Amino acid sequence: MAVSKPPGRAAVRPDLEQVFRTAYPRVVAVAARVLGSRNEAEDVAQEVFLTFGRSAVPSGEAVGWLCVAAAHTALNHLRSGRRRASREEAAGGSDRVYPDVADAVVTLDERRRVRAALARLPRKQALALVLRHSGLSYAEVAAALDLSPGSVGTTVRRAESALREELNRHASSD
Amino acid sequence: MRHPTDGTLRRLVDEPAGVADADRAHVARCPVCLAGLAAARDDAAVAGAALEVEVAADVDAAWDRLSRAAAVEGRRGTATAARAGRWRAALRSPVVAVVGAVTLLLGASAAAAANWLPIFHAERIAPVTAPRADLIKLPELDDFGEITVTEEIRIRQVAGAAAAEEASGLSAPRVGELPRGVTGEPAYHVLGRVGATFTFSAEKAGRFAAAAGQTLPPPPPGLDGSQFRLTAGPGLAAVWSQGRPVPAMLVARANAPAAYSAGVPFETARDYLLSLPILPENVAAQLRGFTADGTTLPLFMSVENMTSSAADVGGRPATVLTSRDGTLAAVVWVDAGVVTAVAGSLSADEVLSVARGLRWDR
């Protein structure tokens with residue numbers, strides 16, 4: 001059995017710390033837009049940076065790669081129902097101070113609806129929406145999602161329209 | 001002139017420089033488009049507000065956490081990619097996937113010196129399944145002695161199939177028919193030769209066991225201080241990632257793993273290791289079931305995350321692995337001393353279909 005263990009240690013790329021310190025807040029923000037929770041977003045960012053650390057992604061493409069990977073991973077978490085952090089938040093471990101209880105209830109409920117809407121969107125629309133709102137240019141979103149730059153606007157527009165409909169539908173039925 | 005599309009109006013909201021002058025001029029004069037632009041701006045603002053979450057990340061604390069995790073991963077080594085549901089993470093990076101998806105690309109081609117006795121050469125692969133908790137308890141090789149890496153794991157992207165073939169000495173796969181959703185040309189990666197020498201240390205093994213509250217039986221004569229040479233041959237992989245972090249599919253090949261001994265035979269070392277009380281019994285029992293001639297490569301996997309089944313590819317026995325959440329499948333087999341794997345965000349039927357349709361001639 002010993003022979004199946006690899007002899008080498010997994011090499012971690014030397015620029016990991018520098019890239020991490022520069023890009024971490026932005027990567028967390030991407031995941032947080034999907035998940036609505038800082039704790040969970042930080043879990044996703046850790047996962048993504050670990051993968052990046054063992055990759056050979058060129059330094060110049062690192063930030064874009066990390067944002068795209070964070071959006072993918074966060075959507076996977078959203079859809080697989082791994083919502084540990086959100087349960088913790090609901091139980092009182094919130095990462096945000098609300099001015100009053102009513103605001104907190106409204107905000108949590110709206111966050112929940114936003115997550116549900118994101119989970120229902122086609123994957124490409126959800127990714128385009130989150131990446132564009134995270135500051136990736138149309139050209140960067142196009143490259144990441146294998147779209148033409150012209151169709152990024154259409155995809156984002158559809159996602160926003162669907163998201164708004166979803167929020168309105170719930171708001172009027174409440 | 002026709003009205004610009006909704007997508008163009010959307011881009012006018014936040015990247016107007018990317019919109020053609022003619023479109024901008026049209027929108028400025030067209031009431032219909034101005035209304036559409038206002039609606040787009042409105043929806044964008046609502047979506048932006050809905051998605052916004054205040055995040056004040058503590059970068060120092062996060063870096064500490066990542067450093068610790070990276071250190072643990074480094075210690076566990078790349079073979080753990082096969083374990084504990086790391087497949088999904090592994091697949092996000094084509095480079096890691098090359099190492100991780102095949103799991104054990106420790107090829108055999110490095111020349112054994114005259115006094116090195118070949119003791120292991122993989123001719124088949126068999127899954128060893130156990131609960132994740134048991135797999136985490138499995139000792140690593142460096143818990144039993146010293147490992148000196150003589151040739152580091154190096155993976156690099158090359159220009160194309162021909163370059164990959166030349167660098168690895170293996171023929172590149174030709175896929176008959178790509179599964180639905182997999183398109184374009186693959187990127188080619190080459191794994192260089194890897195090698196290491198392992199020296200068994202009875203003292204170190206004893207210390208490891210003591211830390212686990214166990215006492216080891218005395219090692220058989222000749223095992224303490226004896227050396228094993230583990231070699232990793234060249235390999236290659238074709239990765240269809242289509243510019244995304246998660247490759248849709250990859251096909252990888254490498255010379256099958258082998259090990260050489262300067263002293264004790266394979267059976268001696270294996271029987272001793274399997275007798276140790278620090279191995280979870282369910283894992284040891286499966287390993288004992290393997291043939292005694294050192295030709296079966298165990299593929300460790302956790303029952304929580306993966307399932308395996310037997311299949312055949314071109315008449316060779318193959319192992320099909322699928323993640324329990326249904327997002328990933330892989331098939332791996334050994335033929336004529338070469339390990340081949342097909343993996344991806346595909347179904348088991350799809351990876352098998354690709355595997356059976358592969359051709360190596362060019």
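## Helix H7 of chain A

In H7(A), the buried residues are A:Tyr138, A:Glu140, A:Val141, A:Ala142, A:Ala144 and A:Leu145. A residue is buried if 20 or more other C-beta atoms lie within 10 Å of its own, exposed if 12 or fewer, and partly exposed in between, with C-beta atoms placed from the backbone. Helices (H or I, at least four residues) and strands (E, at least two) are DSSP runs, numbered from the N terminus.

A:Asp146 follows H7(A). This residue lies in the loop between H7 and helix H8 (149-173) of chain A. A:Asp146 is not a glycine, yet has a positive phi of about 60°. A:Asp146 counts as partly exposed because it has 13 C-beta neighbours inside 10 Å.

## Basis of the model

This is a predicted model: local features need pLDDT of at least 70, side-chain atom pairs count only at pLDDT 80 or more, and totals for chains, interfaces and linings use all residues. Residues are numbered from 1 along each chain as its sequence is written, while chains are lettered from A and ligands numbered from 1 in the order in which they are written.

## Chain A overall

Chain A has 8 helices and 0 strands. Its pattern along the sequence is α-α-α-α-α-α-α-α. Of its 174 residues, 50% are buried. Two residues are in contact if their C-beta atoms, placed from the backbone, lie within 7 Å. Among chain A contacts between residues at least 6 apart in sequence, 70% join residues at least 24 apart.

## Nonpolar cores

A nonpolar core is a set of buried Ala, Val, Leu, Ile, Met, Phe, Trp, Tyr and Cys residues joined through C-beta atoms within 7 Å. The largest one holds 67 residues, and A:Val27, A:Ala31, A:Ala70 and A:Ala71 touch the most other members. Helix H1 (residues 16-35) of chain A gives this core its largest share, 13 residues. A second, separate core has 62 residues, including B:Phe144, B:Ala187, B:Ala341 and B:Val354.

Beyond its neighbours within four places in sequence, A:Ala70 contacts A:Val27, A:Val30, A:Ala31, A:Val44, A:Ala45 and A:Val48.

## Helix pairs

The axes of H1(A) and helix H2 (residues 38-53) of chain A come within 8 Å and cross at roughly 135°. Axes are lines fitted to C-alpha atoms, for helices over the stretch in contact, and angles run from 0 to 180 degrees between N-to-C directions. H1(A) and H2(A) are therefore oblique to each other. Angles under 35 degrees count as roughly parallel, over 145 as roughly antiparallel, 65 to 115 as roughly perpendicular and the rest as oblique. Residues in the contact include A:Phe20, A:Val27 and A:Ala31 of H1(A) and A:Val44, A:Ala45 and A:Val48 of H2(A).

In chain B, the axes of helix H1 (residues 6-14) and helix H3 (residues 31-51) come within 9 Å and cross at roughly 60°. This pair is therefore oblique too. Among the residues that meet are B:Leu9 and B:Val13 in H1(B), and B:Leu37 and B:Ala40 in H3(B).

## Helix H12 of chain B

Helix H12 (residues 348-356) of chain B has buried residues B:Glu350, B:Val351, B:Val354 and B:Ala355. They cover an arc of only 135° around the axis, which puts them on the same side of H12(B). The arc is that of the directions from the helix axis to the C-beta atoms. Their cover includes strands E12 (306-313), E13 (316-323), E14 (329-335) and E15 (338-344) of chain B.
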